[in-house]
Amino acid sequence: MRILNLSGEVMNRILMRGAVVFGLLFFCTLTPEVTAGAFAQDYDAAMAMYRVAKTKAEYEAAAQRFQALAERKDAGLYKVNALYWLAECWYDLKQYLRALNGFERVLLFPMSNKEADARFKVALCYARLGWVKGARWEFEQFLRDYPHSANASKARAELQRLNAR
């Protein structure tokens with residue numbers, strides 16, 4: 001067994017590298033907590049803007065805020081929420097194809113808290129676009145997968161309306 005005999009300079013370099021690595025790890029673990037607060041404030045402001053929107057300009061302004069939030073690197077788990085509300089803005093603006101694309105982006109995040117709502121909105125977008133067969137299929141799939149969802153009764157009503165055609 002060999003015992004290393006390190007000079008003071010070598011030991012100092014090792015300790016400095018360790019301090020740098022520790023500092024980086026410490027900084028990286030604090031960053032999400034610090035930025036999560038800022039993101040949450042910006043998200044709450046965008047939601048408040050959306051909730052009071054009544055005009056095209058107000059929905060467009062809210063959409064811009066949600067788009068910016070969705071693109072932020074500190075979005076984390078809230079990215080899917082920002083994408084969902086962005087698609088809601090487009091839906092409210094009657095830009096159904098754009099909304100459809102937005103809700104489908106939300107579905108790329110499996111098991112998110114917005115999955116059922118996004119699936120329902122996908123079906124509504126199909127219906128608003130006049131794509132009846134696709135809308136029927138989407139509503140049927142929605143009811144199969146989420147029979148007790150808050151939107152289940154609305155989905156049944158939409159399906160009845162489509163079947164009456």
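Is glutamate 158 buried or exposed? At 14% relative accessibility, glutamate 158 counts as buried. Here buried means under 20% relative accessible area, exposed over 50%, and partly exposed in between (1.4 Å probe, protein chains only).

The close-ups below come from a predicted model, in which local features need pLDDT of at least 70, side-chain atom pairs count only at pLDDT 80 or more, and totals for chains, interfaces and linings use all residues. Residues are numbered from 1 along each chain as its sequence is written, and side-chain values use heavy atoms, with hydrogens and water left out.

**View 1. Arginine 161 and glutamate 158 form a salt bridge.** The closest N and O atoms are 2.9 Å apart. A salt bridge is a side-chain nitrogen of Lys or Arg within 4 Å of a carboxyl oxygen of Asp or Glu. The structure holds 8 of them. Both residues of this pair belong to helix H7 (residues 152-163). They sit 3 residues apart, about one turn of the helix. Helices (H or I, at least four residues) and strands (E, at least two) are DSSP runs, numbered from the N terminus. Arginine 161 is partly exposed, at 36% relative accessible area.

**View 2. Asp42, Arg72 and Asp74 make one network.** Salt bridges that share partners join these residues.

**View 3. Glutamate 60 meets lysine 56 in helix H2.** Their side chains form a salt bridge (3.9 Å, N to O). The two are 4 residues apart in helix H2 (residues 56-71), so about one helical turn separates them. Glutamate 60 is partly exposed, with a relative accessible area of 31%. Lysine 56 is exposed, at 57%.

**View 4. Arginine 144 pairs with aspartate 145.** In this salt bridge the closest N and O atoms are 2.7 Å apart. Arginine 144 is exposed, with a relative accessible area of 55%. Aspartate 145 is partly exposed, at 33%.

**View 5. Lysine 114 is buried and has no salt bridge.** This residue is in the loop between helix H4 (96-106) and helix H5 (115-128). The nearest side chain of opposite charge is aspartate 117, 4.4 Å away. Lys and Arg count as positive and Asp and Glu as negative; His and the chain ends are not counted. Which residues does lysine 114 contact, leaving aside its neighbours within four places in sequence? They are Asn81, Tyr84, Trp85 and Val106. Contact means heavy atoms within 4.5 Å.
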